[in-house]
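Trainee: I am new to this structure and would like a close look at a single part of it. Please take me through that part slowly.

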Amino acid sequence: MTEKQIPVLTIGLVTTLIGLHWLVVDKTLLYFSAADIWSGEVWRIISGHLMHADLQHLMWNCLGLAVLGSLLESQSRQLLLATSGAGILFVSALLLTPFSQLDYYCGLSGVLNTLLLVALWSQWKLTRSRWIIILAFGSIAKVLIEVSQGISMVTQISWPPYAWSHVAGLTGGLAIIWIQSRGSQDRNRVHAGF
Amino acid sequence: MKPLKPITLGVIALFFTTLWITPICAAGLLTPTGSNLPQLEIREHHVNVVIEDGYAITSVEQVFANPHANDLEAIYSFPVPEKAAVGEFTYWIDGLPVTGEVLEKQQAREIYQQEKQAGRETALTEQDSYRTFDIAVYPVRAGQDVRISLTYIQPVHIDTSIGRYVYPLEEGGVDEQKMSFWSYQDSVEASFSFNLSFRSSSPIDEFRLPQHPQANIQQVSEGEWNVSIVSEAPPAEEGSTTSTTPAVVYRLNKDIVVYWRQSQGLPGSVELVTHKEGPGQRGTFMLTLTPGDDLEPITRGRDWVFILDISGSMEGKFHSLIEGVNRGLAKLNPDDRFRIILFNNQPREITHGFENAIPENVQNAIRILESNHPNSGTNLFAGLNLGIHSLDSDRSSALILVTDGVANLGYTEKKDFLDLLEQTDVRLFSFVLGNSANRPLLEGMARVSNGFAINVSNSDDIAGKLIEATSRLTHEALHDIDLRITGVKTGDLTPEHFGSLYRGQQLIVFGHYWGSGEASLSLDGKISGRNRNYSTVFEFPEAATLHPEIERLWAFAKIESLQNRLDYFGEDADIEQAITDVAVENGLVTDYTSMIVLREERFQELGIKRLNRSRVEKEQLARQERMLKGVRNNRVDNSQPMYAKPRANHGNGGGAFDPWMLLVLLPLMILQLKAGRRDQ
């Protein structure tokens, strides 16, 4: 395997999630908390997404990150970074509004939804497979069911599910896709001599 | 040997932290240190818990073995569970279970001694104040086993939509005299099991045992859950004749804490559980009010006085205490002010009057705190006194007390503490650490100050406790509560005074009723000076026989109330007699009454009526009947909901990828691989 094929960033991120889960004694210092962020504990904007409530929570999110991170990193490390950043931005923005009404939030799943949508888009561009459309609609439908029912469909973690973070994550993914499309259009215009 | 000594005082302190120390001692069999008496063995320890209809019934069955050549007495001690009414104690004599009877403490002790001296089978359960229940069993015959069982009942509280059950096993160990007198044997050598059966009409999202990941948690059906921990010694190999050291299958040195989380969005509610034999009889009820989440966050600046125990018992936990205070201070707003008082033999302040809770001041205070070392005794009164006299009467103030609660210097009587707190209008928030802390003292002080006391076990989820405390401290509370029931005659309500309700807290009221029919319930209180009223109507049934345990729960609450009066007014023979009477009538072990088991014929010969046996039989029948019936919904305010808003929850949230997402991730990976091959 060549150096380029090794998803170093993804491995690093997964290791960080596991390390934080096992090494941090007092997780309340790192959970996302809008009140604490407004009072100056700004690190929580990022650390909240990296902390997990329990082992099951951590395990599924690490699996998701390993797969989606590798997919995106195989195309471009910058793409993975930008997508993760957009996910954090959109999910955090939601959690900082009074709409969320959460005191504490943790977990990467909101951001993973950003990665998922961008990964699907990237695969669509590469393969034009109809499967991608089905998968995208399936993912969106699952999130909508979770939001409408206020449940987590399969996984039971020790904190109540907060499906709106998935909606925010998907929105972040749409933003990245839009920016990418705009970039492509601009490049096409340049090539076309506009 | 004396019949029973009070066993252990213990203190395990914690303040918002995860760094615990290994407990010094635990529940277990006791042997006098330095004596030539050989140790008995705990062969089996089985705990069965049933939680339904707002209360928990815990039955602990044990087998003690005597591998030695002489007959011995077994003395088993365990921490007093929170608000536990011990009403059933059984000793297997000649292979048959014999249920105990409750007598006045001294009388029970004398009979136990008398039977023991005569070489007859006998067993005794005593309560040593807030510290321990102590069981003595005689004889454990040479080379034989004895089997005993103890059952207690407790109301179950839901706090901010989180239920919590604790099977206490840890003790602290600050009473050096007693510690040096006894040695503990806390190893179970053949078989241990903990089975919790939970039934509730409120949907539950999840069960959790933070310190027991090996627990098996199963949802049996809608509203029914089972939690179990099982540990057994492997069977001996066939043909093996060699005697080896007994295996230790479980150590009784760590509390078992079980949490369950109710689904979000459940309505605030009123639930009623009753017991009434029939028309014309007096009924007993348990009313549980779970308020809606209508208490607003507090935004104005307040004063906080931290009163911290740095006595010798805090050694080893001091850094954790500092960490906790640091975090507590970090939660304050810049408009808040704080001061820190430390106490051991004497109190002293380490801040210079009130300081604004800005990072610079907080860091300075923590630096000074770090330069201290725990030592000496616990002059809790002096610490509290200095805290109270440092308040600024122009501002809203609160005291945060973190201590083991076992005051052993200066004023130590509960009455003195209550008097002190009555003199000032200030809320006291206590953190009661470990099973051996003086909970009655700390809870009593919290009650008279309209504050609250939070119990923390070593096995608790500390992050959850922090969130719980923060939620209460940062929201308004409902004060000056007055509860009235009209339409049906009620009486003997307990608690008699309701104090304050903080965000997420339930109000549980016991009482008697006469007659039946529609009753109106009205709850009045004040939130930040504004009057607030909640009301509803519900039916008291003519007859209800499914929950006879409610009578004991009422009696226990009544005894608590009488004990509070005793603490407040000092020694009073009438109140003590009233406690004894209520305890004997309802078959409860208290500081004034004990439960004794004798050979069946000896009960008759000594003229002891088998009242408790009849009560236990009735309760056991009711339990069987409840098992056969489905999960019951005890909510009674459906037609006129008492609360407009859903009940409070912690406002936590998280989300996880799950097996469904594999359906998306796997095809993605396949497509990616295909694309990769095409590129090559």
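Trainee: How many bridges join β22(B) to strand β23 of chain B, and do the two run parallel or antiparallel?

Mentor: This is a predicted model, in which local features need pLDDT of at least 70 and side-chain atom pairs count only at pLDDT 80 or more, while totals for chains, interfaces and linings use all residues. Residues are numbered from 1 along each chain as its sequence is written, and chains are lettered from A and ligands numbered from 1 in the order in which they are written.

To your question: 7 bridges join β22(B) to β23 (residues 282-290) of chain B, and the two strands run antiparallel. Helices (H or I, at least four residues) and strands (E, at least two) are DSSP runs, numbered from the N terminus, and two strands pair if DSSP finds at least two bridges between them. Within this pair, L272(B) stands opposite L287(B) in β23(B).

The pair belongs to an open sheet of 4 strands of chain B, in the order β22-β23-β33-β32, with antiparallel pairing. At its edges are β22 (269-275) and β32 (489-494) of chain B, each of which pairs on one side only. From one strand to the next, the twist averages 30°. Helix α9(B) packs on this sheet and touches β22, β23, β32 and β33 (507-514) of chain B, where contact is taken as C-beta atoms, placed from the backbone, lying within 7 Å. The direction of α9(B) makes about 75° with that of β23(B), angles running from 0 to 180 degrees between N-to-C directions of axes, which are lines fitted to C-alpha atoms, for helices over the stretch in contact.

In α6 (residues 414-422) of chain B, the buried residues include K414(B), F417(B) and L421(B).

How values were computed. Contact = placed C-beta atoms within 7 Å. Buried ≥ 20, exposed ≤ 12 C-beta atoms within 10 Å, placed from the backbone.
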